[in-house]
Amino acid sequence: MKVLVPIKRVIDYNVKVRVKSDNSNVDLANVKMAINPFCEIAVEEAVRLKEAGVASEIVAVTIGDKSSQEQLRTALALGADRAIQIETDQQLDSLNVAKLLQKVVEEEAPQLVILGKQAIDSDNNQTGQMLAALTNMPQGTFASEVKIDGDKVNVTREIDGGLQTVALNLPAIVTTDLRLNEPRYASLPNIMKAKRKPLDVKPAADFGIDLSPRTSLLKVTPPAERQAGIVVESVDELVEKLKNEAKVIS
């Protein structure tokens, strides 16, 4: 079984995000970048399937400029066998990302595509669903458990009412939730081995897709700063402030 794992380069989740002074976007200057956490979970799940003897090959793919090869090498160090970079300097919206991934799926013909349910930068939660629609493949989103059963994959998904398990015919698309697994750290020997694993670079223009954006970024602003709390002297004073100042009780 071949498993395709799309990943995305994002600001490391431990970094405090800064907004540019003109509010045009997030400031990426001298910022530590990493694999999107949900994508890292997807890589880990693919590696576990291979360790269990279910998957035979793991292919990591990303879309971005040359700097995104750093995250592909990380995926290779975590256990992916080879990597594909779709090279472009454009900031692509979810639909264009899905269209490029559709071409990769057609070329690679994987039996399973595992990707993060969303990226922590845009938080769109769209690409997996769009890719499933474009490829006409069944999808299991928000997966907290993935089990291969012959020519099917059973996906336990987290929903508002609890858990739901769906059986999908392979090939299928799965998007990962936080509770699916805990990603491992790449060991130094595997980091060194990753440098010798194949990484193919393919210009986005070669796929023949119109990458004109369907959405536009108007403005980015930081969240409002929280005001400092106050200490009250009595319960009566607390009730008075909740009633007359905060207006949360009547």
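Figure 1. Setting aside neighbours within four places in sequence, Glu 44 is in contact with Asn 181, Glu 182, Pro 183 and Arg 184. The model shown here and in the other views is predicted. Glu 44 belongs to helix α1, which covers residues 37-51. Is Glu 44 buried or exposed? Its relative accessible area is 5%, so Glu 44 counts as buried, the cut-off being under 20%. The view also takes in Ala 80, which is 36 residues from Glu 44 along the chain. The C-alpha atoms of Glu 44 and Ala 80 are 9.2 Å apart.

**Figure 2. The second largest pocket and its lining.** The space in the second largest pocket amounts to about 520 Å³. Its lining is made up of 22 residues, and those closest to the centre of the pocket are Tyr 13, Glu 40, Pro 183, Arg 184 and Tyr 185. Two of these, Pro 183 and Arg 184, are also among the contacts of Glu 44 in Figure 1. At least two lining residues come from each of β3 (33-35), α1 and α2. Which of the elements gives the most to the lining? Helix α2 does, with four residues.

**Figure 3. Gln 71 in helix α2.** Gln 71 is part of helix α2, which is formed by residues 69-78. Because its relative accessible area is 2%, and the limit for a buried residue is under 20%, Gln 71 is classed as buried. Which side chain makes a polar contact with the side chain of Gln 71? The partner is the side chain of Arg 9, at 2.7 Å. Beyond neighbours within four places in sequence, Gln 71 is in contact with Ile 7, Arg 9, Met 33, Ala 34 and Ile 35.

**Figure 4. The nine-stranded sheet.** The strands form an open sheet in the order β9-β8-β7-β10-β6-β1-β4-β5-β11, and their pairing is mixed. At the edges are β9 (162-169) and β11 (199-203), each of which pairs on one side only. From one strand to the next, the twist averages 30°. In general, strands of a sheet pair through backbone hydrogen bonds, in either a parallel or an antiparallel way.

**Figure 5. Strands β6 and β10, with helix α3.** Strand β6 (residues 112-116) runs parallel to strand β10 (residues 172-176), and five bridges join the two. Within this pair, Gly 116 is opposite Thr 176 of β10. Helix α3 (residues 94-108) packs on the sheet and touches β1 (2-6), β4 (57-64), β5 (82-87), β6 and β11. The direction of α3 makes about 150° with that of β4.

How values were computed
Residues numbered from 1 in each chain as written. Predicted model: local features only at pLDDT ≥ 70, side-chain atom pairs only at ≥ 80, totals over all residues. Heavy atoms only, no water. Pairing = 2+ DSSP bridges. Axes fitted to C-alpha atoms, helices over the stretch in contact; angles between N-to-C directions. Contact = heavy atoms within 4.5 Å. Buried < 20%, exposed > 50% of the residue type's maximum accessible area, 1.4 Å probe, protein only. Polar contact = N/O pair within 3.5 Å; in protein donor to acceptor, adjacent residues only side chain to side chain. 1 Å grid on protein atoms, 1.4 Å probe; cavity = no way out; pocket = protein on both sides within 12 Å on 5 of 7 lines; lining within 4 Å. Points joined across faces, edges and corners; volume = space filled by probe spheres on them.
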